[in-house]
Amino acid sequence: MPCLCPLFSCQWEGHLEVVVPHLRQMHRVDILHGTDIVFLATDMHLPAPADWLIIHSCFGHHFLLVLRKQERHAGHPQFFATMMLIGTPTQADSFTYRLELNRNHRCLRWEATPRSILECVDSVITNGDCLVIGTSLAQHFSDNGSLAIGIAISAATEICSSEAEM
Ligand SMILES: [Zn+2]
């Protein structure tokens, strides 16, 4: 099972079980525990391409938030945020994630089913099937160059999860 490190600058490949140790050891990605967390992405002014990662641990799984600054059109950097389950697409289908930006009486919320890390994060971003915001909107939600992203994971109903196990 090929599995790519989602970082833009890293060509590492490895199995699903060693993705988390790779991210922890090689990229010093932090793990936050709990269903609701806040990830503070700092230095949003860094030139594209740049990646921000956080591992979110809950429901016995690891979820990886990928925030990427990239220029899909030259001279127009945008921010792309998506949640990847470090697991299979079938496992990913049993969860929902929510990303929320909240500042100065403005709120922006994105809800979706996480993607599997086995799907290429590059194609998710190229297809724009993720939270996409321009730099001017990002500035409205950032404070001193830092963007606080509220992240919540919820599991599908018990009936669905027991069906998935069968
Ligand atoms: Zn890597």
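**The aromatic pairs**

Ring pairs join Phe59, Phe63 and Phe95 into a cluster. Rings of Phe, Tyr and Trp (its six-membered ring) pair if their centres lie within 6.5 Å; planes under 30 degrees apart are called stacked, over 60 edge-to-face, and the rest tilted. This is a predicted model, in which local features need pLDDT of at least 70 and side-chain atom pairs count only at pLDDT 80 or more, while totals for chains, interfaces and linings use all residues. Residues are numbered from 1 along each chain as its sequence is written, and side-chain values use heavy atoms, with hydrogens and water left out.

By the ring rule, the count comes to three aromatic pairs. In one of them, the planes of tryptophan 52 and phenylalanine 79 stand at 50 degrees with the ring centres 6.2 Å apart, so the pair is tilted. Tryptophan 52 belongs to strand 3 (residues 50-58) and phenylalanine 79 to strand 5 (residues 76-85), so this pair ties together parts 27 residues apart in sequence. Strands here are DSSP runs (E, at least two residues), numbered from the N terminus. Tryptophan 52 is buried at 9% relative accessibility, and phenylalanine 79 is buried at 3%. Buried means under 20% relative accessible area, exposed over 50%, and partly exposed in between (1.4 Å probe, protein chains only).

Phenylalanine 59 and phenylalanine 95 also form a tilted pair, 5.7 Å centre to centre with 45 degrees between the planes. Phenylalanine 59 sits in the loop between strand 3 and strand 4, and phenylalanine 95 in strand 6 (residues 95-103), 36 residues apart. Phenylalanine 59 is partly exposed at 42% relative accessibility, whereas phenylalanine 95 is buried at 6%.

Conventions
Helix = DSSP H or I, 4+ residues; strand = E, 2+ residues; numbered from the N terminus.
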